Amino acid sequence: MVQQSIGERVLRKEDLRFITGKGNYTDDINLPGQAYACFVRSPVAHASINSLDISAAAGADGVIAVLTGQQVAEDNLGSLPCGWMVHSKDGSEMKQPFHPVLATDKINYVGEPVAVVVAETYLAAKNASELVEVDYEEIEAVVDISSAQSAADIYPEVPGNTVYQWELGEKADTEKAISQAAHVTRISLTNNRLIPNAIEPRAAIADYNTGTQDLTLYTTSQNPGLARLILTAFVQIAPEHKLRIIAPDVGGGFGSKIFVYSEETALAWASMKLGIPIKWTAERSESFLADAHGRDHVTEVELAMDDEGHFLGLHVKTIANMGAYLSTFASAVPTYLYGTLLAGQYKTPNIYVEVDAVVTNTAPVDAYRGAGRPEAAYLLERIVEIAAREMNLDPVEIRRRNFIQPADFPYQTPVALEYDSGDYEASLNKALEMADYAGFAERKEEAASRGNKRGIGFSCYIEACGLAPSQVAGSLGAGVGLWESGEVRVNPTGTVTVLTGSHSHGQGHETTFAQLVASKFGISVDDVEVVHGDTGKLDFGMGTYGSRSLAVGGSALSKAADKVIAKGKKIAAHMLESDVENIDFEDGEFKVRESNQSKTFQEIAFAAYVPHDYPLEELEPGLSEKAFYDPENFTFPAGAHICEVEIDPDTGVVDIVKFTAVDDFGTIINPMIVEGQVHGGIAQGIGQALLEQCVYDETGQLLTGSYMDYCMPRADDLPNFDVGMTCTPCTHNPVGAKGCGEAGAIGSPPAVINAITDALGVMEIEMPATSERVWRAMQQAGGA
Amino acid sequence: MELSQRVEIPLGLVQVWQSLNDPVILKQCLPGCEVFEPIGDSEFNFTLLAKVGPVKARFKGEIKLVDVNPPSSYTLTGAGKGGVAGFVKGFATVRLEEKTEETVTVMTYSVKANVGGKLAQLGARLVFGAARKMANEFFTNFVRVICNDPDGKLEIKLETVKDV
């Protein structure tokens with residue numbers, strides 16, 4: 001028997017179909033009689049709509065209908081909701097503007113959908129969309145986040161354009177620590193706004209059956225269960241049992257496909273209204289305009305230390321841009337996923353963070369790979385590095401002096417979280433060895449002999465993953481629970497179908513989850529099939545984001561598999577005429593302890609479905625179990641990233657010559673998949689650090705609306721990554737896993753910027769550190 | 001984008017001023033201009049075919065003359081919509097001064113433009129390059145037309161005052 005168990009590099013089962021063109025993405029699906037939708041989008045950022053004339057478009061060739069925000073309003077669809085209620089310091093609830101499915105009388109960002117044209121072909125819909133006449137009366141746009149709070153209000157219900165003023169930690173203690181400290185390091189920094197750029201743009205087909213009154217929505221979602229809940233309970237498109245959401249193969253999400261957007265919602269509504277299937281696939285320009293963007297913070301930080309560099313207090317003041325509306329998760333990102341992470345890997349006794357969230361006339365901003373945690377890691381690892389330089393301490397030494405030690409776990413931070421496990425020094429030591437830190441001085445000298453500036457930068461990040469203990473989430477204002485569902489169906493021949501509420505859009509769950517369950521049962525990975533992404537097949541589930549799938553979804557499967565084994569023992573005890581207490585299950589066999597009597601897993605499965613020799617009086621037939629797993633705590637992946645750069649002083653071009661990442665993700669099921677996740681995360685982090693920047697001009701026009709102006713990392717921007725692992729298993733979930741999906745994007749940006757500033761001998765440089773910025777920094781430092 | 005340039009024209013100030021107010025001449029000089037017709041005392045309709053980088057579109061809109069101080073200065077403000085290509089908004093201030101000794105008019109103009117929609121998303125920097133080129137062409141054409149210089153014998157020097 002081929003057993004591929006936990007810890008083996010099993011090749012990804014899903015890749016055969018992906019690399020042979022046999023994947024089934026939303027745009028691959030075509031339904032008989034389907035129509036096509038094209039959205040009319042605002043070319044201006046802030047305006048009242050004086051008039052909207054659809055007559056020419058409605059009469060154009062091939063057009064079936066032109067639907068507007070007015071009709072959405074007449075049908076009483078609700079606001080697209082933000083799922084987390086955040087309270088301000090003064091106890092007041094956050095201020096939320098109404099987020100219409102289609103704009104009715106006012107525009108709040110460029111690209112906001114105003115109407116949808118449904119036609120027999122996409123070309124006809126697109127041509128007709130140009131005939132929709134909208135008279136916009138422009139209003140001055142609010143774009144700059146630093147001045148948004150003093151600008152004219154965008155919404156009367158959001159005074160001062162301020163959604164909330166949130167705080168966490170002890171203000172007085174922190175201020176006292178700072179005022180009495182031997183040394184205080186202060187910096188201001190910007191976390192640059194990013195556009196997600198999943199390789200597959202968003203797409204959907206809504207199919208309303210007028211006979212059964214069932215609505216099926218095929219869509220590019222990371223969480224079809226959650227999307228169904230939002231569309232039914234909040235937006236009130238259809239009753240929950242009449243809406244089926246299928247998220248088939250999805251080509252990347254990075255957070256941007258968590259959210260319930262206008263377009264998919266409008267499509268579902270339009271299909272019900274018109275009684276036909278309607279398809280929409282975003283053009284890349286639409287993705288730039290209307291996918292939720294990421295990051296976009298401006299922050300001031302103070303770090304107080306004693307004269308030996310021990311951290312005494314950290315004060316953080318951030319303004320976070322929400323964009324024009326509060327997207328599904330938006331309010332939680334700069335608060336619960338950010339402020340709570342500011343202890344990092346360090347024993348800073350006093351921490352206080354204030355976050356003002358503002359609305360602006362730009363696309364909504366929400367979770368993007370890391371979501372809040374990259375922003376936290378960036379400011380912390382930047383200020384720690386700068387503090388080391390100011391204190392004339394080795395950047396490695398200052399971190400060691402402040403690390404939470406293995407004996408300190410469980411460790412209660414001053415910012416609400418309790419870390420369960422970790423060994424930060426172990427990861428750092430391994431990374432130092434892999435990166436040959438000892439040989440850096442020599443490499444720097446050698447680079448100098450070639451005229452290049454070489455620098456090294458560190459980042460010891462932490463993140464909170466495995467979202468989330470439902471009661472903690474609820475106390476923080478979450479509108480939902482954050483458990484996960486899992487079902488393990490053993491088929492009569494002993495193969496297994498696994499159903500999970502998690503969703504795979506590139507993470508390789510079909511392999512990882514198969515490995516997890518196969519190893520539980522001692523069967524081959526090839527005998528396990530993973531089903532996900534269809535609310536018609538699955539129990540309600542919460543989906544995939546926040547590196548939660550294995551830690552939460554995998555734990556649900558692990559518990560369901562345990563139930564299968566427990567039942568299998570009862571069946572085996574009957575068949576082997578023993579007591580259930582004397583049955584052991586190992587290596588795929590149920591054995592009577594201290595005997596040679598046994599039944600294979602397959603024999604037990606067969607007996608469960610063909611119960612001729614079976615304890616029917618006390619046991620139901622069948623072998624299928626489910627579990628809902630609610631985590632006890634977050635998980636805390638952490639690690640050390642070391643980046644080494646060489647800079648050409650003539651051009652300012654940064655070459656990342658060496659990148660080392662050592663991560664502690666707890667138990668690892670498939671190291672190959674984990675390394676792939678780390679590689680992808682680091683690539684995105686390097687993209688943020690060196691290349692990517694979403695730019696709006698002062699009138700709210702998006703200037704980086706294509707790959708001509710928005711620079712994504714390419715293979716030749718990246719080195720071969722040296723990736724290593726350490727392991728302190730998660731103490732509170734049955735798998736021991738902590739999550740690995742976001743770590744690369746969280747840990748890498750500060751390592752890159754620390755390396756560049758080290759090479760240049762400057763303290764600060766903003767992301768993205770383009771060759772122009774680096775060159776200018778060199779001119780200013782007089783070092784060219 | 002803001003561009004300001006200065007050019008010397010070997011004609012009297014009044015003649016230059018009259019030409020600046022002649023829709024036929026303006027249409028003739030504006031590259032890609034298909035329609036330029038008065039719809040009031042100081043307002044014009046225009047249609048202009050422009051190709052900017054990957055975007056080719058026909059822009060339709062209105063231009064208005066404001067702050068008119070004959071015969072020495074006016075400001076043209078206008079906006080054009082290019083359908084899905086987006087829109088252009090801007091203004092141009094033109095000022096004339098006569099050199100005292102000779103029959104030479106110094107024309108100084110400054111052009112400010114903003115773009116929106118697809119034009120902004122797909123390459124604002126291309127758009128501004130194209131707008132500079134269009135301004136250069138317009139004023140060069142203008143001087144040639146009013147000086148009756150179709151063969152381009154006259155040396156026209158556009159001196160840049162500001163370009164940001």
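1. Charges in chain B. Chain B carries 20 positive and 19 negative side chains. The centres of these two sets lie 12 Å apart. Lys and Arg count as positive, Asp and Glu as negative, while His and the chain ends are not counted. Each charge is placed at NZ of Lys, CZ of Arg, CG of Asp or CD of Glu.

2. Basis. This is a predicted model, in which local features need pLDDT of at least 70, side-chain atom pairs count only at pLDDT 80 or more, and totals for chains, interfaces and linings use all residues. Residues are numbered from 1 along each chain as its sequence is written, chains are lettered from A and ligands numbered from 1 in the order in which they are written, and side-chain values use heavy atoms, with hydrogens and water left out.

3. Charges in chain A. Here there are 56 positive and 108 negative side chains. Their two centres lie 3 Å apart.

4. Helices (H or I, at least four residues) and strands (E, at least two) are DSSP runs, numbered from the N terminus. Read from the N terminus, the order is β-α-α-β-β-β-β-β-β-α-α-β. Along the principal axes, the C-alpha atoms fill a box of roughly 50 × 30 × 30 Å.

5. Of its 164 residues, 45% count as buried. Buried means under 20% relative accessible area, exposed over 50%, and partly exposed in between (1.4 Å probe, protein chains only). Chain B exposes about 8400 Å², and carbon and sulfur atoms supply 51% of it. Accessible areas come from the Shrake-Rupley method with a 1.4 Å probe; for residues, only the protein chains shown count as cover. Among contacts with a separation of 6 or more, 51% join residues 24 or more positions apart. Contact means heavy atoms within 4.5 Å.

6. Chain A has 19 helices and 28 strands. Its radius of gyration is 27 Å, close to the 28 Å that the globule rule gives for 784 residues, so chain A is as compact as a globular protein of that length. The C-alpha trace spans about 85 × 70 × 50 Å along its principal axes.

7. Surface and contacts of chain A. Buried residues make up 62% of the 784. The accessible surface comes to about 27400 Å², and 49% of it belongs to carbon and sulfur atoms. Of the contacts between residues at least 6 apart in sequence, 80% join residues at least 24 apart.

8. Helix H5 of chain A. This helix covers residues 171-180, and A:Thr174, A:Ala177 and A:Ile178 are buried in it. They cover an arc of only 95 degrees around the axis, which puts them on the same side of H5(A). The arc is that of the directions from the helix axis to the C-beta atoms. The face turned away carries the exposed A:Ala172, A:Lys176, A:Ser179 and A:Gln180. What do the buried residues of H5(A) pack against? Strands S8 (183-191), S13 (297-305), S14 (311-323) and S15 (350-359) of chain A.

9. Helix H6 of chain A. H6 (residues 224-234) is mostly covered, with nine of its 11 residues buried. Among them are A:Pro224, A:Arg228 and A:Thr232. The buried residues of H6(A) pack against strand S10 (214-219), strand S11 (243-246) and helix H7 (262-274). Just after H6(A), A:Gln236 takes a positive phi of about 60 degrees.

10. A:Thr68 and A:Ile54. A:Thr68 lies in strand S3 (residues 63-68) of chain A. It is buried, at a relative accessible area of 8%. Leaving out residues up to four places away in sequence, A:Thr68 touches residues including A:Ile54, A:Leu102 and A:Trp269. A:Ile54 sits in the loop between strand S2 (47-53) and helix H2 (55-58). A:Ile54 is partly exposed, at 24%. With the sequence limit of four places applied, A:Ile54 touches A:Val66, A:Thr68 and A:Val132. The C-alpha atoms of A:Ile54 and A:Ala65, 11 residues apart along the chain, are separated by 9.6 Å.

11. A:Gly252. This residue lies in the loop between S11 and H7 of chain A. Is A:Gly252 buried or exposed? It counts as buried, at 8% relative accessibility. Neighbours within four places aside, A:Gly252 is in contact with A:Ala198, A:Lys257 and A:His505. The C-alpha atoms of A:Gly252 and A:His241, 11 residues apart along the chain, are separated by 28 Å.

Notes
The radius of gyration is taken over C-alpha atoms; the globule rule is 2.2 Å times the number of residues to the power 0.38.
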